[in-house]
Amino acid sequence: MVNAWENVHCAALELVRSTPIKQRLISASRHLTPLVVDELPSETRGSFAQLMQALAGVQPLRGEDVVVASVRKMSNQQADDCAALVVEIFGALCRAESLAQRSQAPVASVVQLRSVERPAEEFAAPALIATN
């Protein structure tokens, strides 16, 4: 999963560049196309398949690859939606990675240094009296 996380992370970083959205999406796709759906957590597989289908849905022209052709035919809104899907997948991968790390982390033990029970006068505060 580290490889998948790194690839999707790089794809997300491509999306924050200052170039036009379609150009950013094509650059981001270069990091996504090597991924295999089985490398991803089950909760991201549907979104990833949907994204890859959108990036490979158009027959390319001569000298053009399928991603460039597909992105060229997209509206800016469709390109925005694909970019948002990349970010959503990255967020899901981060959550899955975090959960995996937490489950492998050793459980810290708590050592009680003082009695929890304390006398009430320890918490007593003097009353403030307002005078005119």
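A salt bridge here is a side-chain nitrogen of Lys or Arg within 4 Å of a carboxyl oxygen of Asp or Glu. Please keep in mind that the model is predicted.

**Overall layout**
- The protein chain has five helices and zero strands, so reading along the sequence gives the pattern α-α-α-α-α.
- Of its 132 residues, 30% count as buried.
- The accessible surface comes to about 9300 Å², and carbon and sulfur atoms account for 55% of that.
- Among contacts between residues at least 6 apart in sequence, 64% join residues at least 24 apart.

**Confidence**
- The average pLDDT of the protein chain is 85, and 77% of the residues score at least 70.
- Confidence is highest in α2, at a mean of 96, and lowest in α5, at 89.

- In soluble globular proteins, nonpolar side chains tend to be buried together.
- The largest nonpolar core in this model has 27 residues, of which Leu-25, Leu-32 and Leu-51 touch the most other members.
- Two or more residues of this core come from each of α1 (2-14), α2 (21-32), α3 (42-54), α4 (66-73) and α5 (76-104).
- Helix α5 gives the largest share, eight residues.

**A closer look at α3**
- The buried residues of α3 are Thr-44, Phe-48, Leu-51 and Met-52.
- The cover over these buried residues includes α2 and α5.
- Which residues does Leu-51 contact, leaving aside its neighbours within four places in sequence? They are Leu-32, Cys-82, Leu-85, Val-86 and Ile-89.

- Asn-7 lies in helix α1, and it counts as buried because its relative accessibility is 15%, under the 20% cut-off.
- Leaving aside neighbours within four places in sequence, Asn-7 is in contact with His-31, Pro-34 and Leu-35.

**Cysteines**
- The structure holds zero disulfides.
- Cys-10 is partly exposed, with a relative accessible area of 31%.
- Cys-82, one of the contacts of Leu-51, counts as buried at 7% relative accessibility.

**The salt bridges**
- Arg-17 and Glu-14 meet through their side chains in a salt bridge, at 3.7 Å from N to O.
- Where do these two stand, buried or partly exposed? Arg-17 is partly exposed, with a relative accessible area of 47%, whereas Glu-14 counts as buried at 18%.
- The side chains of Arg-30 and Asp-65 form another salt bridge, at 3.1 Å from N to O.
- This pair links distant parts of the chain, as Arg-30 is in helix α2 and Asp-65 is in the loop between α3 and α4, 35 residues apart.
- Arg-30 counts as partly exposed at 43% relative accessibility, and Asp-65 is partly exposed too, with a relative accessible area of 31%.
- Arg-72 and Glu-64 meet in a salt bridge between their side chains, at 2.8 Å from N to O.
- Arg-72 is partly exposed, because its relative accessible area of 36% falls between the 20% and 50% cut-offs.

Terms used
Residues are numbered from 1 along each chain as its sequence is written. This is a predicted model: local features need pLDDT of at least 70, side-chain atom pairs count only at pLDDT 80 or more; totals for chains, interfaces and linings use all residues. Side-chain values use heavy atoms; hydrogens and water are left out. A nonpolar core is a set of buried Ala, Val, Leu, Ile, Met, Phe, Trp, Tyr and Cys residues joined through side-chain atoms within 4.5 Å. Buried means under 20% relative accessible area, exposed over 50%, partly exposed in between (1.4 Å probe, protein chains only). Helices (H or I, at least four residues) and strands (E, at least two) are DSSP runs, numbered from the N terminus. Contact means heavy atoms within 4.5 Å. Accessible areas come from the Shrake-Rupley method with a 1.4 Å probe; for residues, only the protein chains shown count as cover. pLDDT is the predictor's confidence in each residue, from 0 to 100. A disulfide is a pair of cysteine sulfur atoms within 2.5 Å.
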